[in-house]
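Here is a short briefing on one protein model. Look over the sequence and the coordinates, then read on.

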Amino acid sequence: MPAIRRTARSCALSLVSLGVIGAALAAAPAHAAPHNDRSGAVALDDSQVAKYDAQVAKARKHAERRLDSRVRTATDIALHQRGDTYSYGSAGPNAFDCSGLIFYSYRQAGFDVPRTSDAQAGSTRRIAKDNMRPGDLMFFFDGGGVYHSSIFLRWEKGHAVMLHAPGSGQQVTVAAPWTGNWFAGTLRH
């Protein structure tokens, strides 16, 4: 139960930071003073609730557009690394390993992304492959866990197209997966 309260409180704080709750409360009539409960809650009529809901929806769409823009920026940064050399343990700007490419590109776009593939997989929200959008991440696994990561670009003829730093002696490139043992993750909410 405490986790639910923290989530509700953090959501409310997020909405307050967007000014949404303040605007809804400012619209509350003076006679809508708190009732005799200890929470200090203000009763809103249906039109005020509808206005509040519209403001929340507008703020959410704006936040989603900003997040999509940051994901596009990260993808563009990564695409500009095509041809750079693979180097184990490297995170740019001129040489990368698979997770280093994601670390470099997404950090440049303002995301707090961990350094390793396994940690990156753990920090994303897992999504269905059918729901992937450009800039989502692909994580390759075997019995030992996640061993490779890449950036999803698009579907082409039923196959995923990705950008990745493949391995020793190779360069950052666009390719199709060599196996179906991968799952999708997103940094979008």
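An open sheet of six strands runs in the order S3-S8-S4-S5-S6-S7, with antiparallel pairing. Its edges are strand S3 (125-127) and strand S7 (173-175), each of which pairs on one side only. On average, neighbouring strands of this sheet are turned by 40 degrees against each other, direction ignored. The model is predicted.

**Overall make-up**
- The protein has five helices and eight strands.
- Along the sequence, the pattern reads α-α-α-β-β-α-α-β-β-β-β-β-β.
- The protein has 189 residues, and 33% of them count as buried.
- Take the contacts with a separation of 6 or more: 51% of them come from residues 24 or more positions apart.

**Strand pairing in the sheet**
- Strands of a sheet pair through backbone hydrogen bonds, either parallel or antiparallel.
- S3 and strand S8 (residues 182-186) run antiparallel and are joined by three bridges.
- Within S8, Gly-185 stands opposite Arg-126.
- S5 and S6 are also antiparallel, with five bridges.
- Ala-160 in S6 stands opposite Trp-155.
- Three bridges link S6 and S7, again in the antiparallel sense.
- Leu-163 has Val-174 in S7 as its bridge partner.
- Is S6 enclosed or open? Five of its six residues are buried, so S6 is largely enclosed by the rest of the structure.

**Helix H4 across the sheet**
- Helix H4 (residues 98-108) lies across strand S4 (137-142), S5 and strand S6 (159-164).
- H4 runs at about 60 degrees to S5.
- Eight of the eleven residues of H4 are buried, so the helix is largely enclosed by the rest of the structure.
- Which residues of H4 are buried? They are Cys-98, Ser-99, Gly-100, Leu-101, Ile-102, Tyr-104, Ser-105 and Tyr-106.
- Just after H4, Gly-110 takes a positive phi of about 95 degrees.

**His-148 in strand S5**
- His-148 sits in strand S5, which spans residues 145-156.
- Its relative accessible area is 6%, under the 20% cut-off, so His-148 counts as buried.
- The side chains of His-148 and His-164 are joined by a polar contact of 2.8 Å.
- What else does His-148 touch, leaving aside neighbours within four places in sequence? Its contacts include Cys-98, Ser-117, Met-138, Phe-139 and Phe-140.
- Ala-165, Pro-166 and Trp-178 are also among the contacts of His-148, as is His-164.

**Ser-149, next in the strand**
- Ser-149 is placed in strand S5 too.
- With a relative accessible area of 0%, Ser-149 is buried.
- A polar contact of 3.1 Å joins its side chain to that of Ser-117.
- A polar contact of 3.5 Å joins the side chains of Ser-149 and Gln-120.
- Residues up to four places away in sequence aside, Ser-149 touches Cys-98, Ser-99, Ile-102, Ser-117, Gln-120, Met-138, Phe-139 and His-164.
- Cys-98, Ser-99 and Ile-102 are among the buried residues of H4, and each of them is in contact with Ser-149.
- Cys-98 is also in contact with His-148.

**Backbone points to check**
- Lys-157 is found in the loop between S5 and S6.
- That hairpin has two residues between its strands.
- Phi of Lys-157 is near 50 degrees, a positive value in a residue other than glycine.
- Is Lys-157 buried or exposed? Its relative accessibility is 80%, so Lys-157 counts as exposed, the cut-off being over 50%.
- Gly-92 and Pro-93 are joined by a cis peptide bond, with omega at about 10 degrees.
- Where is Pro-93? Pro-93 lies in the loop between strand S1 (85-86) and strand S2 (95-96).

How values were computed:
Residues numbered from 1 in each chain as written. Predicted model: local features only at pLDDT ≥ 70, side-chain atom pairs only at ≥ 80, totals over all residues. Heavy atoms only, no water. Helix = DSSP H or I, 4+ residues; strand = E, 2+ residues; numbered from the N terminus. Buried < 20%, exposed > 50% of the residue type's maximum accessible area, 1.4 Å probe, protein only. Polar contact = N/O pair within 3.5 Å; in protein donor to acceptor, adjacent residues only side chain to side chain. Contact = heavy atoms within 4.5 Å. Pairing = 2+ DSSP bridges. Axes fitted to C-alpha atoms, helices over the stretch in contact; angles between N-to-C directions.
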